[in-house]
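Colleague: I am new to this structure and would like to go through it with you step by step. Could you take my questions in turn and show how each answer is reached?

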Amino acid sequence: MKVELTRFKVKEGKSERVDEWLKFLNENMKDVLITLEGEKMFVEAIFREHLNGDEYLYWFSVQGEGGQNVEQSSHWVDKKHLEYWYECIDETFRPVDLQTEVVMIPEKVRKSMI
């Protein structure tokens, strides 16, 4: 099981598109959740931060091993998600993977994730 938190920088001037992107994900949650199964994604959450004039999105995830990469998906919701990604995420900024120090998942929940 992988537990990750990664920070990505939003391109300057793309805040409104990020608003649309996050709204799109929330409004299409039924389909979003379907795509998570193939990725072996148990939990995925997106956080947003404005810091020193820049905007960042943080992805938190709890994922099983051997899941499909989102780029390999043919599902329409993943294709649209990636369109927003390529438009809004600053690829010149190296993503920051925060160090996992403690993972607190009760055993009965952990067993259901395997």
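Colleague: In this predicted model, what is the N to O distance in the salt bridge between Lys-23 and Glu-27?

Modeller: The model is predicted, and every value I give is computed from it. Lys-23 and Glu-27 are 4 residues apart in helix H1, so about one helical turn separates them. An α-helix has 3.6 residues a turn, so residues three or four places apart point the same way. The side chains of Lys-23 and Glu-27 meet in a salt bridge, with an N to O distance of 3.7 Å.

Colleague: Is Glu-27 buried or exposed?

Modeller: A residue counts as exposed when its relative accessible area is over 50%. For Glu-27 the relative accessibility is 57%, and therefore Glu-27 counts as exposed.

Colleague: How far apart are the end C-alpha atoms of helix H1?

Modeller: Helix H1 covers residues 15–27, which makes 13 residues, and at 1.5 Å a residue these should span 18 Å.

Colleague: What arc around the axis do the buried residues of H1 cover?

Modeller: The buried residues in H1 are Val-18, Trp-21, Leu-22, Phe-24 and Leu-25. They lie on the same side of H1, because the arc that they cover around the axis is only 155°.

Colleague: Which residues are exposed on the other side of H1, and what covers the buried ones?

Modeller: On the other side of H1, the exposed residues are Glu-16, Lys-23, Asn-26 and Glu-27. As for the buried residues of H1, what covers them includes helix H2 (29–38), strand E2, strand E3 (54–63) and helix H3 (76–88).

Colleague: How many residues apart in sequence are the parts that Asp-19 and Arg-48 tie together?

Modeller: Asp-19 forms a salt bridge with Arg-48, and the closest N and O atoms of the two are 2.7 Å apart. Asp-19 lies in helix H1 and Arg-48 in strand E2, so the pair ties together parts whose separation in sequence is 29 residues.

Colleague: Which residues does His-50 contact, leaving aside its neighbours within four places in sequence?

Modeller: His-50 has its place in strand E2 and counts as exposed, since its relative accessibility is 57%. When neighbours within four places in sequence are left aside, the contacts of His-50 are with Ser-15 and Glu-55.

Colleague: Is Thr-35 buried or exposed, and which residues does Thr-35 contact beyond four places in sequence?

Modeller: Thr-35 lies in helix H2 and has a relative accessible area of 9%, so it is buried. Leaving aside its neighbours within four places in sequence, Thr-35 is in contact with His-75, Val-77 and Asp-78.

Colleague: What is the phi of Lys-40, and what is that of Asn-52?

Modeller: Lys-40 sits in the loop between H2 and E2, where it counts as partly exposed because its relative accessibility is 41%. Asn-52 sits in the loop between E2 and E3 and counts as exposed, with a relative accessibility of 74%. Neither residue is a glycine, yet Lys-40 has a positive phi of about 55°, and Asn-52 has a positive phi near 55°.

Colleague: What is the area of the nonpolar surface patch that includes Phe-42?

Modeller: Phe-42 lies in strand E2, which runs over residues 41–51, and at 33% relative accessibility Phe-42 counts as partly exposed. Together with Met-1 and Val-43, Phe-42 makes a nonpolar surface patch of about 220 Å².

How values were computed:
Residues are numbered from 1 along each chain as its sequence is written. This is a predicted model: local features need pLDDT of at least 70, side-chain atom pairs count only at pLDDT 80 or more; totals for chains, interfaces and linings use all residues. Side-chain values use heavy atoms; hydrogens and water are left out. Patches are made of residues with over 30% relative accessible area and no salt bridge: like charges are joined within 9 Å, nonpolar side chains (Val, Leu, Ile, Met, Phe, Trp, Tyr) within 5 Å. Accessible areas come from the Shrake-Rupley method with a 1.4 Å probe; for residues, only the protein chains shown count as cover. A salt bridge is a side-chain nitrogen of Lys or Arg within 4 Å of a carboxyl oxygen of Asp or Glu. Helices (H or I, at least four residues) and strands (E, at least two) are DSSP runs, numbered from the N terminus. Buried means under 20% relative accessible area, exposed over 50%, partly exposed in between (1.4 Å probe, protein chains only). The expected span of a helix is 1.5 Å times one less than its number of residues. The arc is that of the directions from the helix axis to the C-beta atoms. Contact means heavy atoms within 4.5 Å.
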